Amino acid sequence: MRTCVVHNTLNSVGGGERVCLTIIEALKSLGHKVTLITIEPTNWDKVMRIVGAVVRPDNEIYLLPFSIKAFGIYMRLLTALLLIRERNKCDLVINTHGDVLPVSSDIIYMHFPTFALLRENPVNVKYFKSLLWRLYFYPYERIQDHLVRRMKWRILLTNSEFSKEIIRKYVGADAIVLPPPVEISEFLNVSKSKERGDIVVSCGRYTPEKNYEFVLNVAEHLPNVEFIIIGALSGKVSNSYYRRLMKLIKERKIRNVKLLKDVPRDKQLKIYSRSKVFLHAMVGEHFGVAVVEGMAAGLIPVVHKSGGPWFDIINRGKYGLGYENVNEAVKAILYALNNYEHLREEVIRRATEFRKENFLKKFKKIVDGLILRDL
């Protein structure tokens, strides 16, 4: 069976890209011949440097032989040009970037309905920051609002109960919750490390919605605690945001925060092995793969009381701590540092529930069920 997997680019190497890569792995293990449809060629060296070993598709078709940094969200729609050409050759089409295309798909993994971004907790979402960005986003918002009400799919997947409710509210569809795959084995290997200090880690792409300014604000209240932000750089906006954070650190003379970029996995694991807390600053995060990775490494999660990290991952404070402002975050971090040994084991156990193997098993079952319907 030939299956086409559509994803605009894997080069940003975030949570959505990990979903795509794991779906490719699942399909290959089921014996499918997989064609990956993207806008630009995949930089597999970069992907493997950040993610580790991956299962590649049998074939990759891309629209452009080079990378375009501008008009990123509109590039997603252009994957439809290739899909139109390939659609009749595909027995199954799986859209993993999640925005609806003007071409039918069998399975869509909708991380979050794009046209709802500015309607639900638009904290540091760049499209909300200026009239220019709003004008840039508005046509895409309207396009998605139109397509999502007219295009058909057979199975709609999403990453969390939080996203499922937003999809039900704005799309009017009932999605199946399939939490993203988290490859935690390497993180579990360092979870038992005893050589830990009062170190707080944050991790994710350098983009405004990650809200790393909040980390700086918290760090100013805890001068004796070391804060490390580990982030990936991808594109003009990402680099600009990184430079802005560096400028803020210098201007405010914050001496207990380090900004690291494009950190190799072995260095990341070493940092995790000597840290105690994972601080997640994003408000309304759809899921939060980085939170699970930190938990698997033995870090106590401190997350905003919103989105997937709060509702789905730490279950409203059962497996970690939550906050709504700087003062609450400071208190939560101090509590986590002072009660680290008491909290650690249950946090690690919770992380194992999101392991990659569980995603593979559930996704294979969904695909097999879909194929049986067609027989």
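Q: What makes β11 and β12 a pair of strands, and which way do they run?
A: Two strands pair if DSSP finds at least two bridges between them. Strand β11 (residues 277–280) and strand β12 (residues 300–304) are joined by 4 bridges and run parallel, so they count as paired. In β12, V302 is the bridge partner of L279. The model is predicted: local features need pLDDT of at least 70, side-chain atom pairs count only at pLDDT 80 or more, and totals for chains, interfaces and linings use all residues. Residues are numbered from 1 along each chain as its sequence is written, and side-chain values use heavy atoms, with hydrogens and water left out.

Q: What makes helix α10 a helix that packs on the sheet?
A: Helices are DSSP runs of H or I with at least four residues, strands are runs of E with at least two, and both are numbered from the N terminus. Contact means heavy atoms within 4.5 Å. Helix α10 (residues 289–296) touches β8 (199–203), β11 and β12. Its direction makes about 170° with that of β11, where axes are lines fitted to C-alpha atoms, for helices over the stretch in contact, and angles run from 0 to 180 degrees between N-to-C directions.

Q: Which strands stand at the edges of the open sheet of 7 strands, and why?
A: The order is β3-β2-β1-β4-β5-β6-β7, with parallel pairing. β3 (59–62) and β7 (176–177) each have a single partner strand, so one side of each is left without a neighbour in the sheet.
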